[in-house]
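Hi everyone, thanks for making time for this. I'd like to walk you through a few spots in one structure, so please have the sequence and the model open.

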Amino acid sequence: MSVKIIDLKANVMDDNNILAENTRKRLKAEKTFLLNLMSAPGSGKTTTLSALIPLLKDKFRIGVMEADIDSDVDAVRIKEAGAESIQLHTGGMCHLDADMTTQGLDSFDSASFDLVILENVGNLVCPAEFDTGASKNAMILSVPEGDDKPLKYPLMFQVADVVVINKTDFAPYFDFDIEKAKKNIHMRHPDIEIIPICAKTGEGVDKLAAWIEKEIIEWKK
Amino acid sequence: MHEMSYIIRLADLAAKTAKEQEAKRVKKIVVEVGKMTGIEPYYMQKYYKTAIRGTILDGSEIELIPVEVTAKCACGKEYTPTAAYDYLCPDCGGGSCKITGGRDVILKEVAIEV
């Protein structure tokens, strides 16, 4: 018996990256803008969407894919805000990949929406590594997490196309310096747009809505 | 925990190669792991043993080769980001860089018995 060494040099993420690229092409053809929303658990993804959907729902047909390990509490809240919603159960997985995202898109007729928001699993590490096929990536940093988050999770801030700073009403109670946070974010991703909001009171959510609207129009061109 | 995602992809790819080559068994797979993938080698080793049970890869080893992160700054400097410079460019202090290496997991080779 002889030992043979097969030289492969195969990138194991190739399948994911190819599928993600195909999904983006399909969404472009369908004129459906897919926003991948990422953040740590408890930063206010669902609350942000609940405040955002009423500002966009008269202009755009909106669908939300809620990824959670195993529950449907978020999907129920999204329906109450006025958007179509489906729940993706990741069954313990800490992130979504292009395959799971595409299955989600297939299961609720993505072409019938102008905007689909993918609420990724609450996690700042793994979701940053897997291209989902989204048109753009948004991430939420909430005030209680600290203004040094961009230094601890650099990749998340590099793959994001916009950073939302949520829970600004908490800033006086936490040692959170918004200028320092902006500086730290720009250190990781120069020139990235930063939108401070308070999802609970609705402050600043109009600016996030305007950013999304601009991106949808661009995507549909 | 994302190690399992990588392991499943690696094992599928290696098993496919082994079958194509009509291998009797697989001795070892060699994997290059970028340092910016957030992968813990300890868990890769641990999950690999579980993932390959009952497959053509059963009994094989996994060798992990760490790959440094490399970046190319807007100023043209190529460097490895380090904490000593806050991961910024050591020449110009800028943060406008493209990551050029260290984010991939590559199945470099598969050693098989034929």
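Let's begin with Glu203(A), which sits in the loop connecting β8 (193-196) and α8 (205-220) of chain A. Keep in mind that what we have here is a predicted model. Is Glu203(A) buried or exposed? Its relative accessible area is 56%, and the cut-off for exposed is over 50%, so Glu203(A) counts as exposed. If we set aside residues up to four places away in sequence, Glu203(A) touches Pro196(A), Ile197(A) and Cys198(A). Here is a pair to look up on your screens: Glu203(A) and Asn166(A) are 37 residues apart along the sequence, while their C-alpha atoms are 9.7 Å apart in space.

Now over to another loop residue. Asn120(A) is found in the loop between β5 (115-119) and β6 of chain A. Asn120(A) has a relative accessible area of 1%, and buried means under 20%, so this residue is buried. Which side chain does the side chain of Asn120(A) make a polar contact with? That would be the side chain of Asn36(A), at 3.1 Å.

How much space lies in the largest pocket? The value is about 670 Å³. Its lining has 33 residues, and those closest to the centre are Ala128(A), Leu155(A), Gln158(A), Val159(A) and Arg103(B). Sorted by class, the lining has 13 nonpolar, 11 polar and 9 charged residues. As for the elements, α1 (14-30), β2 (33-39), β6 (136-142) and α6 (154-159) of chain A each supply at least two lining residues, and so does β5 (97-101) of chain B.

Strand β3 (residues 70-73) of chain B is joined to β4(B) by 2 bridges, and the two run antiparallel. If you want one bridge to find on screen, take Ala71(B), whose partner in β4(B) is Tyr79(B).

That's my tour, and I'm happy to go back to any of these spots.

Technical notes
Residues numbered from 1 in each chain as written. Chains lettered and ligands numbered in written order. Predicted model: local features only at pLDDT ≥ 70, side-chain atom pairs only at ≥ 80, totals over all residues. Heavy atoms only, no water. 1 Å grid on protein atoms, 1.4 Å probe; cavity = no way out; pocket = protein on both sides within 12 Å on 5 of 7 lines; lining within 4 Å. Points joined across faces, edges and corners; volume = space filled by probe spheres on them. Helix = DSSP H or I, 4+ residues; strand = E, 2+ residues; numbered from the N terminus. Nonpolar A, V, L, I, M, F, W, Y, C, P; charged D, E, K, R; others polar. Buried < 20%, exposed > 50% of the residue type's maximum accessible area, 1.4 Å probe, protein only. Contact = heavy atoms within 4.5 Å. Polar contact = N/O pair within 3.5 Å; in protein donor to acceptor, adjacent residues only side chain to side chain. Pairing = 2+ DSSP bridges.
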